[in-house]
Amino acid sequence: MIYDLLIENITKNREVSKVEAEKFCNFFSAKTISKKEFLLKQGEFCKFEAFVTEGCFRVFSLDKKGNENTLYFAAKDWWLMDIDSFMNHKPSDLNIQALEDSKMLIISQEEKANLYNELPMAEKFFRIMFQKSIVAWQRRVVRNNSLTAKERYNYFTTHYPEIVLKLTDRQMASYLGITHEFLSKIKKQDKMQ
């Protein structure tokens, strides 16, 4: 079933009945996107929240010089959106691009509001998910401020090996906050050890 992974995600974060899980899923629609296609571009309004069921996405911004700054990657069983644009109804500062052919389940702002009204457990579920995402961001900021580039590289490759396989060196360097050349030096040092 198309919603099996979403139901697993819900139930590992909140106890729900089968009926509640089915109702929850009914507010989402399936979407397929091709490799390199954009789900969202800077300047557009993010009117959706997505749950990735297959594939991988990159969430990044472009600075005035055209440099890419990757905030995060979203692979299978991850949530995806520009929360600032979605919640504050403002143009997005982010791009969301598929790194490979991907599938997701999408819920619109309107449908999410309807979900909250019809199924009170949904609001608690999304609050828990929001809290977990804040914790993840906080940990990433701490790592970025306290670990060396090599330590950040080792952390990322150890904790997210399935994502690493989908990335170019430039995309990984953008996420780690280092240059492509510096990443090449780190990888070369690793091979020599």
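Visitor: Does K12 count as buried or exposed?

Guide: This is a predicted model, and every value here is computed from it. K12 counts as exposed, at 54% relative accessibility, because the term applies over 50%.

Visitor: Which residue forms a salt bridge with K12?

Guide: Side chains of opposite charge can pair when their charged atoms come close. Here the partner of K12 is D77, with 2.7 Å between the closest N and O atoms. K12 belongs to helix α1, whereas D77 sits in the loop between β5 and β6, so the pair ties together parts 65 residues apart in sequence. D77 is partly exposed, at 22% relative accessible area.

Visitor: How many salt bridges does the structure hold?

Guide: The structure holds 7. One of them joins E68 and R58, at 2.5 Å from N to O. E68 lies in strand β5 and R58 in strand β4, so this bridge ties together parts that are 10 residues apart in sequence. R58 counts as buried, at 3% relative accessibility, while E68 is partly exposed, at 37%.

Visitor: Which residues of helix α6 are buried?

Guide: An α-helix has 3.6 residues a turn, so residues three or four places apart point the same way. In α6, the buried residues are A149, R152, Y153 and F156. Their arc around the axis is only 100°, which puts them on the same side of α6. The elements they pack against include β5, α5 and α9.

How values were computed: Residues numbered from 1 in each chain as written. Predicted model: local features only at pLDDT ≥ 70, side-chain atom pairs only at ≥ 80, totals over all residues. Heavy atoms only, no water. Buried < 20%, exposed > 50% of the residue type's maximum accessible area, 1.4 Å probe, protein only. Helix = DSSP H or I, 4+ residues; strand = E, 2+ residues; numbered from the N terminus. Arc of directions from axis to C-beta. Contact = heavy atoms within 4.5 Å. Salt bridge = Lys/Arg side-chain N within 4 Å of Asp/Glu carboxyl O.
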